[in-house]
Amino acid sequence: MKYARLTKEQFDELHQEFINFLASQSITGEEWEEIKINKPEVAEQELDVFSDLVWEGVLNQARFLEHISSNQIYLFKITEFTINLIGVKVENDAVDITTRPGYNWLQQNLMDDRVSLYTSSKNISDDRNKDIFALIQQGAVITKGDLYAFFEKHLNLN
């Protein structure tokens with residue numbers, strides 16, 4: 001397995017897609033029930049293959065990621081050749097930027113000495129999707145990039 005198996009909730013959401021996946025392999029609903037009972041290892045393999053297909057599709061579309069904690073924000077922009085990072089660190093224990101008041105404080109105090117802004121860039125490896133998946137496993141989530149665009153504009157990076 002290249003990525004991670006989807007959760008039960010994700011499989012539930014993708015129920016119809018999974019049925020279509022099984023159908024593409026000429027496996028009927030009745031046959032699937034039989035496989036689950038009599039050949040659980042084959043069923044596990046099918047779940048893994050489907051999970052990897054779903055992840056590939058999602059990761060192929062990913063252009064922006066965010067990882068936000070109480071005092072740091074990591075914003076990633078994925079281009080064809082690089083992963084660009086905008087980092088924000090707040091060194092004020094009274095501020096939790098995962099809350100509305102904390103984030104408002106950050107927006108109003110970007111130039112405060114307790115706020116550090118930095119950028120970085122690294123080349124994408126031969127396996128772009130694996131690079132993105134590694135960031136997701138560390139807690140990043142796929143986004144539309146609005147927050148990245150806000151900080152990119154503020155830092156005059158474009």
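Two strands count as paired if DSSP finds at least two bridges between them. Helices (H or I, at least four residues) and strands (E, at least two) are DSSP runs, numbered from the N terminus. With that in hand, Phe 64 stands opposite Thr 143 in E5.

This is a predicted model, where local features need pLDDT of at least 70 and side-chain atom pairs count only at pLDDT 80 or more, while totals for chains, interfaces and linings use all residues. Residues are numbered from 1 along each chain as its sequence is written, and side-chain values use heavy atoms, with hydrogens and water left out.

**The sheet**

- Five strands make an open, antiparallel sheet in the order E4-E3-E2-E1-E5.
- Strands E4 (115-123) and E5 (141-143) are at the edges with a single partner strand each, so one side of each has no neighbour in the sheet.
- On average, neighbouring strands are turned by 25 degrees against each other, direction ignored.
- Strand E1 (residues 64-68) is joined to E5 by three bridges, and the two run antiparallel.

**A helix across the strands**

- Helix H7 (residues 146-154) lies across E1, E2, E3 and E4 and runs at about 95 degrees to E2; axes are lines fitted to C-alpha atoms, for helices over the stretch in contact (heavy atoms within 4.5 Å), and angles run from 0 to 180 degrees between N-to-C directions.

**Aromatic rings**

- The whole structure holds ten aromatic pairs, that is, rings of Phe, Tyr and Trp (its six-membered ring) with centres within 6.5 Å; planes under 30 degrees apart are stacked, over 60 edge-to-face, and the rest tilted.
- Trp 55 and Phe 133 pair edge-to-face, at 4.8 Å centre to centre and 80 degrees between the planes.
- Ring pairs also link Phe 11, Phe 18, Phe 21, Trp 32 and Phe 50 into a cluster.
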